Each structure stands twice: as structure tokens, then as C-alpha cells.
Amino acid sequence: NAATAMLLVAGIFAIYRIDSGRRLRMERELGRAVRNGEIEVHYQPQVRDSGIVSGAEALVRWRHPSGKLLAPDVFIDLAEESALIGEIGLEVLRQACETLNHWSSVPRTRALRLAVNISPVQLLDGSLVSSVSSIIREAGIDPTLLEFELTESALAADAAAMIERMEVLESTGVSWALDDFGTGYSSLATLRTLPVRKLKIDRRFLAEATRQESAQQLLGKIIEISHVMGMTALAEGVETPDQRELLIGLGCDHFQGYLFAPPMPRPELHAWLDSQRLP
Ligand code: C2E
Ligand code: CA
Ligand code: CA
Ligand code: CA
């Protein structure tokens, strides 16, 4: 009846108000996060098929004023919608370059590479190229040790504009990897024109390949496509030795996942690296 319907509508509005209140507060807090030094970077190792560690991926964390360490899925969408992602992304890059600078100063870690995620929102911002160039210059790092990751779905909106920006950044010495590959909609024609050196195969493909013979064949074909395109293939979400063996059999070049190590703060990463074979 009408009364129940009214109550229902009132309820929905109440929930919506609480939710948008929380969102606003979080947006305000996120706006101060960079200034307050609350942005942290964790590092997850990337390993070659030979077992040699090639480097790591930088993954952002937010040390919230409440003391909780928040994962990116809680705040990246908000950061992208509110344009705070620009500032946050540059802070991640600054910390990553500082780490690369540290690695370069120690002979054993000199050849390690670092991957940094670039949001499509950042890529379309006209000031990204000059900001990135000055961060690289100030850190005094070798840009060829830096890899940027762009999620494949970013190419759905305006591939031409994205590719143009990617090329400008590539000309500064950094290289590109295409992230979450297989979940976007890029055509093989587009793929061929991308300034991308590495395909990061979304972990769903590996998870399915472990359960299903046909999915295993698909994974093998994706790895083959990477190679035909002149790119290397990295499998995300490698969790078991069986998965690693399967991937080696399929010709996959690089791995990343909990089997090797989770994302870790820098001191823990360095302790982990101590027991590994490095390039
Ligand atoms: P991503 O780039 O695909 O990063 C890989 C995610 O998979 C990470 O989650 C990592 O912790 C998780 N992961 C790693 N190994 C395994 C595994 O073996 N099994 C499973 N189930 N998961 C694994 P995280 O750190 O929570 O990051 C989530 C997403 O947030 C990232 O996905 C990336 O899209 C985004 N992100 C992270 N850092 C940044 C950043 O600095 N800038 C931007 N724009 N986005 C970022
Ligand atoms: Ca990534
Ligand atoms: Ca990914
Ligand atoms: Ca190989």
C-alpha cells in the first residue's frame, strides 16, 4: 500500500544521504592525504620464467587518519571522479622514483625495474608529461628502468588520444605495459599500433585455466599473441606452483602473484630481495 511505499522511499533516501555524507567526508580527507604524508607505496615483485626477479610493481595504499591502511579499491574510483588522482598518482611516482634511485646506488639492485600504474584520467591531463619529466629529472633516475601500466579498458574511450600521450611519454625513455589485458575491448588492429612492450594478462584467465582445458588453450593463445605482437607476456595472480609450471609450459615470460610475494612495504621488499636471484 501507499504507506509502505512511502516508508520504502524514505528509507532509500536516508541510506543515500548517509552514503553521500560518507563520500563527501572521504573526499575531503583524501584531498589532504598527499599533504599529510598519508600516501604509501607497497611493492609486489615480478619474476622472470628463469626465476630471476626483474623488478616490482608499485601499488598505492592510504594510511587513513583512523590508522587503517586502505587498499586502492576503496579510494581510487573516488580519486578519479574528483580529479585527486592526479596528485596521488604523482606522489606514487615520486616515491617509486626514490626507490629506483636507492636501487641504482647499490650494485646488487642496480638493474631492477619498477612499474607504476597510470590512471586514464591522469593520462588525459595535459600537464602529465611535464610533471613526469620533472619528477624523473629531480630523482636523477634512468627512465628506462621505469614502466608505466595502463589498464586496457582505458582504450575504449578515446584510444587515439591515449596512444598519442603514451608515445610522448615513451619518447622520454619510459616503457608501457597494458594492464588487465583481456578485460577491455581493444581490437587486434589497435593492439598492433600501441607503444606497449608488455601485456599483463588479467588474473581471471589464469584462474580459469587452472579449472578448464579450453581456458588453458585460450591462455596459451593470448601468450602467443603477445609474442607475435613483439611484446612480452606477464601473468598476474600466480598463486600456486602448478600455475607457474603451466605458464612456463605455455611460454609466459614474467609472473606476479602471491606465490612469489604479496605487495610489501619497502623494508620488507628489501628483506625479501636478499634471498632472491637478481639480474
Ligand atoms: P592491478 O594493477 O591489477 O594490481 C594487482 C592487484 O592484484 C593488486 O591489488 C595486488 O595486491 C593483487 N594481487 C597480486 N597478486 C595476487 C594474487 O596472487 N592473487 C590475487 N587474488 N590478487 C593478487 P591492489 O594493490 O589492491 O590494487 C588494486 C588495483 O588498484 C590495481 O590493480 C590497480 O588497478 C589500482 N591501483 C593500485 N595502485 C595504483 C596507483 O598507484 N595508481 C592507480 N591509478 N591505480 C592503482
Ligand atoms: Ca597494475
Ligand atoms: Ca592488473
Ligand atoms: Ca621465455
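Reader: Which elements do the buried residues of helix 11 pack against?
Author: The model is a predicted one. Contact is taken as heavy atoms within 4.5 Å, and helices (H or I, at least four residues) and strands (E, at least two) are DSSP runs numbered from the N terminus. On that basis, the packing partners of the buried residues of helix 11 are strand 1 (39-48), strand 2 and helix 3.

Reader: Which residues of helix 11 are buried?
Author: Residues are numbered from 1 along each chain as its sequence is written, with chains lettered from A and ligands numbered from 1 in the order in which they are written. Local features of this predicted model need pLDDT of at least 70, side-chain atom pairs count only at pLDDT 80 or more, and totals for chains, interfaces and linings use all residues, while side-chain values use heavy atoms, with hydrogens and water left out. Buried means under 20% relative accessible area, exposed over 50%, and partly exposed in between (1.4 Å probe, protein chains only). Within helix 11 (residues 266-273), the buried residues are Leu269, Trp272 and Leu273.

Reader: Within what arc do the buried residues of helix 11 fall?
Author: The buried residues Leu269, Trp272 and Leu273 belong to helix 11. Viewed down the helix axis, with the arc being that of the directions from the axis to the C-beta atoms, they line one face of helix 11 because they fall within an arc of 100°.

Reader: Why do the buried residues of helix 5 line one face of the helix?
Author: Helix 5 (residues 128-139) buries Leu128, Ser131, Val132, Ile135 and Ile136. An α-helix has 3.6 residues a turn, so residues three or four places apart point the same way. Down the axis of helix 5, the buried residues line one face because they fall within an arc of 130°.

Reader: Which residues on the other side of helix 5 are exposed?
Author: The buried residues of helix 5 pack against helix 3 (85-104), helix 4 (120-123), strand 5 (146-151) and helix 6 (155-170). On the other side of the helix, the exposed residues are Arg137 and Glu138.

Reader: Which residues are the protein donors of the calcium ion (ligand 2)?
Author: Donors are N, O and S atoms within 2.8 Å of the metal (3.2 Å for Na, K and Ca), and sites may look incomplete, as water is not among the atoms. Along the sequence, the donor residues of this ion are spaced E-x59-N-x31-E-x29-D. At 2.1 to 2.3 Å from the calcium ion (ligand 2) lie Glu57 (OE), Asn117 (OD1), Glu149 (OE) and Asp179 (OD).

Reader: How many residues apart in sequence are the parts tied together by Asp180 and Glu236?
Author: Asp180 is partly exposed, with a relative accessible area of 23%, whereas Glu236 is buried at 12%. Asp180 lies in strand 6 and Glu236 in the loop between strand 8 (232-235) and helix 10 (241-249), so the pair ties together parts of the chain whose separation is 56 residues.

Reader: What is the phi of Asp180?
Author: Most residues other than glycine have a negative phi. Asp180, found in strand 6, has a positive value, near 55°.

Reader: What is the relative accessible area of Ala83?
Author: Ala83 lies in the loop between helix 2 (72-81) and helix 3. Its phi is positive too, near 70°. Ala83 is exposed, with a relative accessible area of 56%.

Reader: Which residues does the UniProt annotation "domain: EAL" cover?
Author: UniProt positions are given in the numbering used here, feature names are shortened, and annotations may be inferred rather than shown by experiment. According to the unreviewed UniProt entry, the annotation covers residues 23-277.
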